[in-house]
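Reader: I would like a close look at a single part of this model. Please keep it brisk.

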Amino acid sequence: MSRITTLAEFIVERQAEFKYSTGELSRLLTAIRLASKIVNREVNKAGLVEDIIGAAGNENVQGEEQQKLDVLANELFINALRNQGECCGVGSEENDDIIVYENERSKKGKYVVLMDPLDGSSNIDVNVSIGTIFSIYRRLDDNAPVTQADFMQPGSAQVAAGYVIYGSSTMLVYTTGHGVNGFTLDPSIGTYCLSHPNMTTPSNGPIYSVNEGNYFEFEEGVRKYIDQCKQKRMSARYIGSFVADFHRNLMKGGIYMYPATTKAPKGKLRLLYEANPLAFLVEQAGGSATDGKARILDIQPTELHQRTPLFIGSKEMVEQVSK
Ligand code: P6P
């Protein structure tokens, strides 16, 4: 039987690649790893536990009805990162403003984390795969108070990023800028094991993912590209859960598109904790990500929850629709 490499072992073995090493990244990812295992447990029993399914009865900053698991996942990640100590603050889809940790240990933390704790949560009660997305930056000044500026860095400044997909199996996929590696959770031992080393995405692929219900709201160039996909008899695959669509396209080759629409003139996906982390990861896997014109990672953020049109996946496909 080939040797099993756990996520913990892998991070330590590859620590030297993380230029701020001294074990900081491994401890940061340990917090994310732990919280994701608990979220996974709750997601997997959502169908059984009445008080988990359904809306929490309030709305997040996006004006979207918060599902109870959204709230739980958000609290789990925020608490795990606080208790771990390497992170001095968090920006989350579920919170209006940044969260700055006040405990002595975290105040000295050198990293900030942006996250969508449970993306696609409207799919929870219909048993469709959902995900967590995270993005890690180095704090701008260790001796200055944490401000929104620490979170408003361009995506190209990320030091690590990744996602967890709670699907038929649960996987954690991440990059520190030295390639992409995927780990599958073995529930029998509660451990993430290296299952997809050195992940790369095909430069082209058979799949296009877009909500075609918005077709007539898209600009002409996007409509033409979608028409070409049909003429080529490509496969239309759209789950309505970004992480799930992204992960399938990463593995098989394809493009995910959320263009601007009249209802979402700046697109629907959020730059800081959805587009940027997966743009960093997809580029590390040989893919590409734009807003239809500019490279996602070059965009200078101006708001914590700003949205962006997003075209992400196989390089040739993204380049073609971004002309
Ligand atoms: P629509 C989920 O709310 C999400 O942010 C992504 O996960 C998903 O791809 C998209 O929105 C679905 O949006 O407008 O097609 O239902």
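Reader: Where does the ligand sit? Take me through that site.

Author: The ligand sits in the largest pocket. A pocket is an open set of points on a 1 Å grid over the protein atoms alone, where a 1.4 Å probe fits, with protein on both sides within 12 Å along at least five of seven lines. To sit there, a molecule needs more than half of its atoms within 2 Å of the pocket's grid points.

Some ground rules come next. This is a predicted model: local features need pLDDT of at least 70, side-chain atom pairs count only at pLDDT 80 or more, and totals for chains, interfaces and linings use all residues. Residues are numbered from 1 along each chain as its sequence is written, and side-chain values use heavy atoms, with hydrogens and water left out.

Now the surroundings. Residues around the ligand (a heavy atom within 4 Å) include Asp119, Gly120, Gly240, Ser241, Tyr256 and Tyr258. Lys268, Arg270 and Glu274 are also among them.

Then the polar contacts, meaning pairs of N or O atoms within 3.5 Å. Tyr238 places a side-chain N or O atom 2.6 Å from an oxygen atom of the ligand. For Asn211, a polar side-chain atom lies 2.9 Å from a ligand oxygen. Phe242 uses its backbone instead: an N or O atom there is 2.7 Å from an oxygen atom of the ligand.

On its own the ligand has 400 Å² of accessible area (Shrake-Rupley method, 1.4 Å probe), and the protein covers 81% of that.

Technical notes. Polar contact = N/O pair within 3.5 Å; in protein donor to acceptor, adjacent residues only side chain to side chain. 1 Å grid on protein atoms, 1.4 Å probe; cavity = no way out; pocket = protein on both sides within 12 Å on 5 of 7 lines; lining within 4 Å.
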